[in-house]
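Here is a short tour to read alongside the model. Keep the viewer open and follow the topics in order.

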Amino acid sequence: MLKRAVHDIFSFTRDLEKGGMGMFQRIVRGLAFIGCGVLACGGVSAEAAFRNYAEIQQGMRDLAAKYPANVQTFVLTKNDSGQTIEGLRIGSGSVRNLVVATHHGNEYGSTEVAMAFAASVAQAPLAGQTLFVIPVLNIPGFNARSRWEPLNGRSLDPNRDYPGPCGTDGPFRLKSTRALADFLEREQIVASATLHTYSPAVVYPWGMSTHDLSTPYDDLFAGLCKAATVESGYASGNNTQLIYPADGTFEDYAFWKHGVWSILFELGYSHNPNPGAIDQMIKVNVPGLRRMFEQTPRERAERHGFTGKCDVRLKAFDLRTE
Ligand SMILES: [Zn+2]
């Protein structure tokens, strides 16, 4: 039985290889990454690039002070560690869209891209849109440069904490994820970009444990991802095909539950980008984010349910590295 299951999983892997970029390559790279972490290889000057959350909060206040007509700070919630998750509200248009970064605390490159995009939109708001930017969802992870968010002595993966049709670690064990889900509902968010490092790739649903990866909007989603990657040249396509299946993620939840046009950015080439690499990530992704939000529909998707079958065997491929 076990042998059969393993055989089937590897058959699935080969199918994916035909359909898109290699999951097998990604597994090898995931293992290499783990080894790299242990050996601290690469000699990255991450310290120089890293800002703590207090500095990010100051950056948000500075932006609101610089562009008072366009930008206000807001409070999402207090998290389980008693810290206040803050964000920016930029512009005043009727369509409300969202950028959220750093579900995974170690992925500070995504925070910096979110902050740079906020600055760009503050200077020139998106026509007809209010853009919310939450640069750090997982504050304790961010300050500790850890993927996980702590809760009662345990380390939880915030981006496996949402409800999902094929399973979840949670749902909603964390106040941070519950608050973001409530925010989608309350603000009637239409389109979202969730920023992570690294692949590099920009991808669309479904990204979970299923072979039925299509939605009725594959072409529309593919166009949005193409628009987002003009400058970066990152790979774009279906989430599972380019990354790996993962259950309980924000990106699938937002589309599945609400029909939010939900795009996942796996930015750059490292979890430890140095200042030069961060500058490059900003340079190629800020215009892509702007173009994407200029092209997202002005109303949520109507046909956002999941009608396929889940395959629990695919859970073995969730590497939890990106
Ligand atoms: Zn991540």
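Of the 322 residues of the chain, 47% count as buried (20 or more other C-beta atoms within 10 Å of a residue's own; 12 or fewer make it exposed, anything in between partly exposed, with C-beta atoms placed from the backbone). This is a predicted model, in which local features need pLDDT of at least 70 and side-chain atom pairs count only at pLDDT 80 or more, while totals for chains, interfaces and linings use all residues. Residues are numbered from 1 along each chain as its sequence is written.

**Overall layout**
- The chain has 11 helices and 10 strands (DSSP runs numbered from the N terminus: H or I of at least four residues for helices, E of at least two for strands).
- Among contacts with a separation of 6 or more, 79% join residues 24 or more positions apart (a contact means C-beta atoms, placed from the backbone, within 7 Å).

**The nonpolar core**
- The largest nonpolar core has 80 residues, and V99, A114, A118, V133 and I263 touch the most other members (such a core is a set of buried Ala, Val, Leu, Ile, Met, Phe, Trp, Tyr and Cys residues joined through C-beta atoms within 7 Å).
- Helix 5 supplies the largest share of this core, 9 residues.
- Setting aside residues up to four places away in sequence, A114 touches V99, A101, V133, P135 and L195.

**Helix 4**
- Helix 4 (residues 53–66) has 14 residues and reaches 20 Å from first C-alpha to last, close to the 20 Å expected (1.5 Å times one less than the number of residues).
- Y53, I56, M60 and L63 are buried in helix 4.
- These residues lie on the same side of helix 4 because they cover an arc of only 75° around the axis (taken from the directions from the helix axis to the C-beta atoms).
- The buried residues of helix 4 pack against strand 1 (71–78), strand 2 (84–90), helix 5 (108–123) and helix 6 (139–144).
- On the face turned away from the buried side, helix 4 carries the exposed residues A54, E55, Q58, D62, A65 and K66.

**The hairpin**
- Strand 1 and strand 2 pair in the antiparallel sense over 7 bridges (pairing requires at least two DSSP bridges between the strands).
- V75 has E86 in strand 2 as its bridge partner.
- This hairpin has 5 residues between its strands, and G82 takes a positive phi near 85°.

**R291**
- R291 is found in helix 11 (residues 275–295), and R291 is partly exposed, because 16 other C-beta atoms lie within 10 Å.
- Leaving aside neighbours within four places in sequence, R291 is in contact with A227, A228 and V230.
- K226 is 65 residues from R291 in sequence and 9.7 Å away in space, C-alpha to C-alpha.

Terms used:
Two residues are in contact if their C-beta atoms, placed from the backbone, lie within 7 Å.
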